[in-house]
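Here is a short briefing on a predicted model. Please read it alongside the sequence and the 3D view.

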Amino acid sequence: MSIETQIVDAVIVGAGFGGMYQLHRFRNMGLTTRVFDKASDVGGTWYWNRYPGARCDVESMAYSYSFSPELEQEWQWTEKYPTQPEILRYAQHVADRFDLRRDITFDTKVLSAHWDEGVGRWRVKTDGGETVEAQFLIMATGCLSAPKEIDIDGAASFRGPTYATHSWPHEGVDFSGQRVAVIGTGSSGIQTIPEVAKQAASMVVFQRTPNYSMPAQNRPLDPDEIAAMKAKYRDFRKAQRESGFGVPVPQPTMPAGMDTADGRQQKFQAGWDEGSLVAILTSYTDTLTNATANNYAQEFIRDKIRDIVDDPQTAEDLCPKTYPMGTKRPCLDTNYYATFNRDDVELVNLRRTPIECITDKGVKTTDAEYEVDTIVYATGFDAMTGALTRIDIRGKDGQSLRDVWADGPVSYLGLSISGFPNLFTVTGPSSPSVLSNMMVSIEQHVDWISDCIQWMNDQGHTVLEATPEAQEEWRAHVEVQGNLTLYPQADSWYMGANVPGKPRVFMAYIGGVGVYRVVCDSIAAQGYYGYVTDGASAMAAK
Ligand code: FAD
Ligand code: N01
């Protein structure tokens, strides 16, 4: 039986924090909206990534919605850095409180979205066999939601259970008595290794590139500090929006080279003790732009690793040396380095002895075969673009987004793509997105998109599209900004370097969320500079 095509004002793909807030805004604007998510409930990242140790590394009271002061006041966070279950409960509370689920279709993957020029609508098809047409298409598909495919020979031949951090079983995993291999030492690996090691009989960690990690110094939140934050929340939110990374921190005033060695040691130590992702990075003005300045911070972390880890060779293998600190996403951990002092945990440095293949019994490197009962993959994501290019998106003249992005993503402001009218991306490539507290960036994008659509409606426009010229101006600006920093030097997922064959492009805007917001607001204030519009408003005519 064929299902009748429904026509709505907007389709939103994704019911993480981006899609949820976008739905709330559209409802308040009176737009009919359908949301699709392949997950069975809201939460996005926090629905999928349920591995032991998963938690946020932006403080809970900062990593939360600011759009509802009532929500802010009623929700009680319990820890400085919230666990995945607590964040998921928060997302579920928001869904209940704003009655979001009635417009969300779960367990449903969007397969394609084609722009129909004749009717000025997106035709969206799902794996449930449904077709929905919408004037506006909002891709809230997430920057870190498309898992990287396992690119290790023989992965399918392993006879024991395998788990991936990005799609962890809801019922949890009991590692008791198990010999466990963990492949990958990014943020997910670094969070899960200490937790799984506590339970497993033994663990082998396969590390290709070590990371710069700092102790989270996590702790329960004190009722007085919660009350103090709640009393000043409006001012704090303003400071977040105007900051660089979406986390208000004191601005550095001097380059690292102008401080004494003692002064640097004290500043870095204070950052280490604070347990903040950005404290060391923002100790000086030039940590992310000057190799010598960056090296001071690197050395500080390497010395810490050498202090914590007993075995000198293991310590040396854990020391990152091949890329500047901060240019791959730094990590906050709980007992990560100390975990390698356990007798039952072994580190394998894949730079010395690369993996040859996975066998039926375990992991075979050029040096040995490690027999294990279970393999945990913490191998990351096809970040920034993967969730979008996995959907068959076709814009004007049938051009495919995959083709348009074949040499790397291009976008106007990370919000729109020339040739793809009325399509908006929440935290798309070339916006600050992953270089920020993403709640700040998500809310800013959703507000901007909503205001833009309201403006179109008020002006009687039905179609809005970024011009190729404006898009190229923005692309060049993002590239210039990126090249002023050390980021392009790392083989990071920011650069697409983690996925074999992916074009090497720095995919985020490093200008800071405060500056970026001013740019976006001024574009809106100029009547949406860089966009073309046409026609009378279909919404107004209804
Ligand atoms: P997501 O939460 O990724 O949601 C996107 C949704 O789209 C998913 O539910 C997915 O199922 C759905 N989707 C995608 N494609 C389709 C399709 N074709 N059809 C149907 N549904 C689809 N950010 C921070 O700022 N601080 C942190 O500490 C932090 N920690 C993180 C920890 C982990 C383990 C990960 C993976 C990311 C972390 N992030 C963090 C980034 C995090 O992704 C964002 O903070 C935020 O949750 C993103 O929300 P979102 O709604 O934009 O995307
Ligand atoms: O993924 P990653 P992630 N053989 O890409 C290794 C956010 N996040 O899921 O670096 C061997 O960082 C790979 O090695 P290399 C955060 O933004 C936040 O950990 O490519 N190894 C690397 O070590 C984060 O940055 C939190 O050499 C292979 C690891 O797998 C982002 O999500 C927690 C390999 C992948 O690390 C992604 O983090 C979790 C192979 N074939 C996630 N392929 C917080 O704490 C890959 N690797 C907030």
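Ligand 1 has 33 residues around it, and the nearest are Asp-37, Thr-45, Asp-57, Tyr-63 and Met-438. A residue counts as near a molecule if one of its heavy atoms lies within 4 Å of it. This is a predicted model, where local features need pLDDT of at least 70, side-chain atom pairs count only at pLDDT 80 or more, and totals for chains, interfaces and linings use all residues; side-chain values use heavy atoms, without hydrogens and water. Residues are numbered from 1 along each chain as its sequence is written, while chains are lettered from A and ligands numbered from 1 in the order in which they are written.

**Ligand 1**

- The backbone of Asp-57 places a polar atom 2.7 Å from an oxygen atom of ligand 1.
- The side chain of Trp-48 has an N or O atom 3.1 Å from an oxygen atom of ligand 1.
- A nitrogen atom of ligand 1 is 3.2 Å from a backbone N or O atom of Lys-38.
- On its own, ligand 1 has 980 Å² of accessible area, and the protein covers 95% of that. Accessible areas come from the Shrake-Rupley method with a 1.4 Å probe; for residues, only the protein chains shown count as cover.

**Ligand 2**

- Ligand 2 is surrounded by 25 residues, with Asp-151, Ser-188, Thr-209, Lys-328 and Arg-329 the closest.
- Asp-151 has a polar side-chain atom 2.7 Å from a nitrogen atom of ligand 2.
- Ser-188 has a polar side-chain atom 2.7 Å from an oxygen atom of ligand 2.
- The side chain of Asp-57 has an N or O atom 3.4 Å from an oxygen atom of ligand 2.
- Of the 910 Å² of accessible area that ligand 2 has on its own, the protein covers 89%.

**Domains and their interface**

- Domain 1 spans 6-146 + 383-541, and domain 2 spans 149-209 + 348-380. These bounds come from an automatic or database domain assignment.
- The domain centres, taken over C-alpha atoms, are 32 Å apart.
- Contact (heavy atoms within 4.5 Å) links ten residues of domain 1 with eleven residues of domain 2.
- About 1100 Å² is buried between domain 1 and domain 2, with 49% from carbon and sulfur atoms. Buried area is the accessible area (1.4 Å probe) that two parts lose on being put together, summed over both.
- Arg-50, Tyr-51 and Pro-52 lose the most area on the domain 1 side, together 50% of what that side buries.

Note on methods
Polar contact = N/O pair within 3.5 Å; in protein donor to acceptor, adjacent residues only side chain to side chain.
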